[in-house]
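This report describes the surface and the fold of one protein chain. Please look at the sequence and the model before reading on.

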Amino acid sequence: MIKLANEIIMFANSIDDNFVNEYKYKLRRQREKQKKIDRILADQREAEKNKRLIPKQGFILLIRFANGTCKFTYPTSLHVEQKIYKTKSSMEIINKLFICLR
């Protein structure tokens with residue numbers, strides 16, 4: 001235990017202010033870099049979120065189920081014919097409306 005205490009005292013005596021200042025400077029630079037990276041990632045997430053909010057053009061289909069309830073569907077990745085083909089036989093398509101955004 002005394003040996004450990006002596007080593008700690010020797011280490012503390014050998015460190016000068018320049019070493020501490022350099023360590024603090026490196027640590028500050030590292031934190032600034034991390035903040036910059038975090039800010040860039042936050043901006044990317046915000047841009048992706050805003051991109052999802054922009055509506056796409058496509059068809060709005062009004063579908064009536066066998067029990068009489070109606071549902072709107074908005075296919076953007078499929079062609080309207082593919083969407084109609086994928087609907088079950090118990091469904092009836094009431095109306096189609098094309099939405100064109102500029």
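## Exposed surface

The chain exposes about 9600 Å², and 57% of this comes from carbon and sulfur atoms. Accessible areas follow the Shrake-Rupley method with a 1.4 Å probe, and for residues only the protein chains shown count as cover. This is a predicted model, in which local features need pLDDT of at least 70 and side-chain atom pairs pLDDT 80 or more, while totals for chains, interfaces and linings use all residues. Residues are numbered from 1 along each chain as its sequence is written, and side-chain values use heavy atoms, without hydrogens and water.

Of the 102 residues in the chain, 7% are buried (buried: under 20% relative accessible area; exposed: over 50%; partly exposed: in between).

## Fold

The chain has three helices and three strands, in the order α-α-β-β-α-β along the sequence. Helices (H or I, at least four residues) and strands (E, at least two) are DSSP runs, numbered from the N terminus.

Among contacts (heavy atoms within 4.5 Å) with a separation of 6 or more, 49% join residues 24 or more positions apart.

M1, L4 and I8 make a nonpolar surface patch of about 390 Å². L4 belongs to helix α1 (residues 2-14) and counts as partly exposed because its relative accessibility is 49%. Patch residues have over 30% relative accessible area and no salt bridge; nonpolar side chains (Val, Leu, Ile, Met, Phe, Trp, Tyr) are joined within 5 Å, like charges within 9 Å. A salt bridge is a side-chain nitrogen of Lys or Arg within 4 Å of a carboxyl oxygen of Asp or Glu.

A patch of positive charge on the surface gathers R31, K35, K36 and R39. K36 lies in helix α2 (residues 17-53) and, with 51% relative accessibility, K36 counts as exposed. Lys and Arg count as positive, Asp and Glu as negative; His and the chain ends are not counted. The place of a charge is NZ of Lys, CZ of Arg, CG of Asp or CD of Glu.

Methods
Buried means under 20% relative accessible area, exposed over 50%, partly exposed in between (1.4 Å probe, protein chains only).
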